Amino acid sequence: MHEAIDPVTKENWEKCVRHAEKLQDIDFEKEGFRDCILEPIILTIDPNESDCSSSEDEDYL
């Protein structure tokens, strides 16, 4: 394990951390877009509706 870790310099580690932070920032921005896009397609199921068929459904049969 030491053989793998010892060659990593402070600069290498800082570069990796900056890259990870950049990816997190990009994902945070995308998350905002996902919320805007997904919100309109969320369906609410009416728990009071007891019959899954309706006259509209029968038209297709």
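Mentor: Before we start, helices (H or I, at least four residues) and strands (E, at least two) are DSSP runs, numbered from the N terminus. This is a predicted model, where local features need pLDDT of at least 70, side-chain atom pairs count only at pLDDT 80 or more, and totals for chains, interfaces and linings use all residues. Residues are numbered from 1 along each chain as its sequence is written, and side-chain values use heavy atoms, with hydrogens and water left out.
Trainee: OK, how many helices and strands in the protein chain?
Mentor: Three helices and zero strands, running α-α-α from the N terminus on.
Trainee: And what share of the 61 residues is buried?
Mentor: 0%. Buried means under 20% relative accessible area, exposed over 50%, and partly exposed in between (1.4 Å probe, protein chains only).
Trainee: Switching topic: which residues form a salt bridge?
Mentor: Glu-14 with Lys-10, their closest N and O atoms being 4.0 Å apart. The structure holds one salt bridge, meaning a side-chain nitrogen of Lys or Arg within 4 Å of a carboxyl oxygen of Asp or Glu.
Trainee: Where do Glu-14 and Lys-10 lie?
Mentor: Both are in helix H2, four residues apart, about one turn of the helix.
Trainee: Is Lys-10 buried or exposed?
Mentor: Lys-10 counts as exposed because its relative accessibility is 60%. Glu-14, at 34%, counts as partly exposed.
Trainee: What about Trp-13, buried or exposed?
Mentor: Exposed, because its relative accessibility is 58%. Trp-13 lies in helix H2, residues 10-38.
Trainee: Which residues make the nonpolar surface patch?
Mentor: Val-8, Trp-13 and Val-17, at about 290 Å².

Methods. Patch = residues over 30% accessible without salt bridge, like charges linked within 9 Å, V, L, I, M, F, W, Y side chains within 5 Å. Areas by Shrake-Rupley, 256 points an atom, 1.4 Å probe, with all protein chains shown as cover.
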